[in-house]
Amino acid sequence: MIRNYIKTAFRNLLKNKGFTAINVLGLALGLATCLLIVFYVFDELSFDRYNVNADRIYRINNDVKFGGNEGSYSESPAPTAAALKVDFPEIEQVTRFRQRGGNQVKKGNQNIQEDNMVYADPAIFSVFTLPMIDGKPATALKETHSVVISERIALKYFNSTSAVGKVLTFNDTALYKVTGVIKNIPKQSHFDFDFFISMPTLAESKEEAWFSNNFDTYILFRPGFDIKHFQAKLPMFLRKHAEPQLVSILHMTFDKLEQTGNYFRFSLIPLKKIHLESNTKYDMGSKGDIKIVYIFSAIAMFILLIACVNFMNLSTARSSNRAKEVGVRKVLGSPRKYLIAQFLTESIMVTLAGAIIALLIAWAFLHTFNQMSGKELTVTSQIMGWLLPVLAIFVVVVGCVAGSYPALFLSGFQPIEVLKGKLASGFKGGMLRSSLVVFQFAISIFLIIGTIVIYNQLKYIQSKDLGYNRDHVMIVQRVWTLGNKAKIFKQEIKQLAGVKSATLTGYLPTSGYNNNSSLFKDPVLDAKKALQSSIWNVDEDYIPTLGIKMAAGRNFSKDMSTDSTAIIINQAAVQLLGFSNPLNQNLYLPMDNMAKVMKRFHIIGVIKDFNFKSLRENVTPLVLFDSEDTGALSIRMSSADIPNLLAQVKNKWTSMSPGLQFDYSFMDQDYEKNYYAEQRVGKIAIAFTSLAIVIACLGLFGLAAYAAEQRTKEIGIRKVLGANISSIVGMLSKDFIKLVLIAIIIASPFAWWAMHTWLQGFAYRQNIQWWVVALAGLAAILIAFITISFQSIKAALTNPVKSLRSE
C-alpha cells in the first residue's frame, strides 16, 4: 500500500513538473539558508562551553563612575583574587590574567612577532579546561620566567610538542623556560592565547592597589553555589578591603563617594555569556553580539517561513484541480483515510526532496558563507547528531501542514457535488492564500528596509568626519623593538621624499591603545573636582600628522622647555571640568597608586573633539602629554607612489634592525577593521534579503501562473470582445499588487521600530528617513509586478481560439 502511495505521488508530481520544481526549489533555498544561519548561531552559542566547569565559572567586572565618566570594565584590581579566595568558602578556585601585548620571539637568527601572550596565575589549569600535553599543570606557572605554550607554538619553535625544559628568548633579552605545552585552545573561546607567562614574573601582580584595575579575574564556584547570595555580599567585601585606601586617597568612605554621584562596584558575568553579552571595555579577544545572533535567527526563521508559505500556498492553489480526481476515487470506493494518506505522501515527498537538496546547497556554499561571516564553520559529527533528526521532524511537520488542506478539505467533499463541478476554484476568494502572500511579502519588505538601514549606517560610518584625517597614513608597528634607535628612525623617515610628517606614538584613534587615569583640579584630592580621562603620550608632530584641529591655544613645541609639564585637552574634557577659559589652568595627576605624589600640569591648548573610540560611543575626555612613546610610527604620505615609499621605509627599518620583523598597516584600513562585524552583518543581510525576495517571487510566479490558468477562458472572451494586452495584464496583476500594498502597510512600522532599536547601539547614527520605507515599498511592488507580468503577458498573448474552442 505504501509503495502504491509513493508511486502514485511520484506520477502526480511529474505530471505537474513546473509547480513541483517551484515547490522543491523554494523549500531547498529557504532551508539551505536557514541551515547556514543555524550553523553560525550554533557556533556563537557554543563559546567557552568546552570548559568542563563552564556553568560554575564567572568573571568579576568592575563598574565605575568617577570624574564625569561611567563605564564597565572587564579588569579588576590585583589583590581581588586572593581576597575573594580567603573570604568566601563557596569559591573553589580563583585565577587571573594580565594582558601583556606582543613580544619578539627569537627563532634562529630571526625575531618573530607574537601577539597572543598573557600573564596567568598557576590556578588557571584548575579553573579552565586546558589539557596539558607535556608538563605538570599544578606547578607549570609557579616559578618566575616560566611559560606554558600551545601545541602550535611548540611545533613552530621546537618542531615537537615535547618542549618542557627548553628556553624561549623574548626581545633578544629575556629568557623564559617552557614548563608546559597545552592543546590548542578551541576557536570557540573568548580568549585565544598561545603563551601563558607565569604571574609571579610580574611585580605588579603582588601590589595591594585596590583602585588600579589591570587584571581579568575569574572565579570557579563550588557545586551548589548561590550566585545571587554571593553578589549581595560583594559591596561589603569591597568596603572591607578597598575602603581604607579610598579614605586615604579621597578622604571619604564608599557611602560618601556614592553621595557625590560616583561609585566603584563589582559585578559578575557567567563565562558562557562573555562572548555574546559582555558590554565591558578591554575584553580579551574579539567579542560577538547577542543582537546579531537574534537578527540572524530572525532572518533564518523569516526565510524558512517564506519558503513554507510558498509551499502551502501552491499546494492549496493546486488542490482544487484535484477535486475531480477525489470524486472519481470516492466513486470507485476509496476510503477517506486513503485519500488523506495519498495527499500527505505527495507533500512529504516534495519536502523530503527539498531537504536533501538544501543539505547539498548548504554544504556547497559553506565556504562562501565562512568568508562572508568571518567564521571557520565545519559540519561536525556533533552537528549532524542533532541536525538529521531535526530535518526529519521538519520534513514530516511541513509536509503534513502543507498537505493538510487538500488531504482534509478535499477528501471530505461529496463525490456527486465534485463531479458536477460545484467546487469553487480560482484565485479570487482564496482568503488563506491571500493572507499567506501578504505574510511573505511583509517579511520581504521588513528585510528590505532593514538592509537599506544597515547599508546607510555603514556608509555613514565610512564617510563621517571623525575630526582627524585617516587617509594616506602608514603605520609602522612596534617601533619600540628598535630601542634607542626609534627616534633616529623617525627622523630618517621624515627626510624621505613623499613623507609630509611623522609622529612617534602607539596612541592612535584606530589602535585600541589606551590608558585611563584621574586628574584633579586641586592637589588635595576631591571627587567633585576629578576628571576621569584617557591619557595619551604623544610628540609635537602628533596633531599635524593626524590633521587634528586646534580649538584654542597651541601645540607642543620642542623649543618650549616648559612643555614637559604641559598638556592639551579635548573639548569633552573642557566641558566636564567646567572651565570657561581652560588655557593656563592647572591639573594634578597622581604619580602612584596611593596618590601620595601629585604632579602639576598646565593646559596650553584645546583640540577639537575627534572620535578616538568606536562610533558606538560618544567622545570622552582626552588629555595629551608631551611624553615619549615608541609603540608605532605614523607617517603622513604626500606621495602617490605608495609602493615605492613603502619599500624605502622597509629598507630603513631593515638597515637599523636586521632580523626584526617589519609590520605595517594603513590607518584607513585599521579604522574599517573596527567595523568588520557591522560590515559582515550588512553583506549577509543583503544576501539573505535577496534570497528571501527570490523565494517569495517563486511563490508569486507560481500563483500568477495558476491564476492565469484558472482564468484562461475569461481572458479569451475579453480578447474577443476587444480587450488589449495592457488591460488584461492589469486585470491579472491588480489582485496581487493589492496584497503587496497591504504587506507594505503592515511591515513598515515593525521594520522602522526594529531598525530604530538597532541604531540605538551607535552614539553617531543616521535617522531612518521616509524615503527608506518608500524605496522598500516601491521595490517590492516593482519586483512583484515584474514577476506577475511574465505570466500575465504570456496569458494575454495566447490565441483566444485555443482557449475557447471547447465552448
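Leaving aside its neighbours within four places in sequence, with which residues is Ser665 in contact? The legends below begin with that residue.

**View 1. Ser665 and its surroundings in a predicted model.** Ser665 is in contact with Val473, Met474, Ile475, Gln477 and Asp670, once neighbours within four places in sequence are left aside, where contact means heavy atoms within 4.5 Å. The model is a predicted one, in which local features need pLDDT of at least 70 and side-chain atom pairs count only at pLDDT 80 or more, whereas totals for chains, interfaces and linings use all residues. Residues are numbered from 1 along each chain as its sequence is written, and side-chain values use heavy atoms, with hydrogens and water left out. Ser665 belongs to strand β25 (residues 664-666); helices (H or I, at least four residues) and strands (E, at least two) are DSSP runs, numbered from the N terminus. Its side chain makes polar contacts with the side chain of Gln477 at 3.0 Å and with that of Asp670 at 2.7 Å. A polar contact is a pair of N or O atoms within 3.5 Å; within protein, one must be able to donate a hydrogen and the other to accept it, and residues adjacent in sequence count only if both atoms are side-chain atoms. Ser665 counts as buried because its relative accessibility is 10%, the term buried meaning under 20% relative accessible area, exposed over 50%, and partly exposed in between (1.4 Å probe, protein chains only).

**View 2. Ser373 in helix α13.** Ser373 lies in helix α13 (residues 366-373) and is buried, because its relative accessible area is 3%. Not counting residues up to four places away in sequence, Ser373 touches Tyr40, Arg680 and Ile684.

**View 3. Two loop residues with positive phi.** Most residues other than glycine have a negative phi. His145, however, has a positive phi of about 55 degrees and sits in the loop between β8 (132-135) and β9 (146-150). For Asp172, phi is near 65 degrees, and the residue is found in the loop between β10 (167-170) and β11 (174-182). His145 is partly exposed, with a relative accessible area of 37%, and Asp172 is likewise partly exposed, at 45%.

**View 4. The nonpolar cores.** A nonpolar core is a set of buried Ala, Val, Leu, Ile, Met, Phe, Trp, Tyr and Cys residues joined through side-chain atoms within 4.5 Å. The largest one has 118 residues, of which Trp536, Tyr542 and Leu624 touch the most other members. Helix α22 (residues 676-710) gives the largest share of this core, 15 residues. A second, separate core of 33 residues includes Val64, Phe230, Leu257 and Ala530.

**View 5. The largest cavity.** On a 1 Å grid over the protein atoms alone, a cavity is a set of points where a 1.4 Å probe fits but cannot get out, and lining residues have an atom within 4 Å of a point. The largest cavity has a volume of about 70 Å³, a volume being the space filled by probe spheres set on the points, which are joined across faces, edges and corners. Among its lining residues are Asn69, Glu70, Tyr73, Lys281 and Gln532, and β2 (69-73) and β18 (530-538) each supply at least two residues of the lining.

Methods: 1 Å grid on protein atoms, 1.4 Å probe; cavity = no way out; pocket = protein on both sides within 12 Å on 5 of 7 lines; lining within 4 Å.
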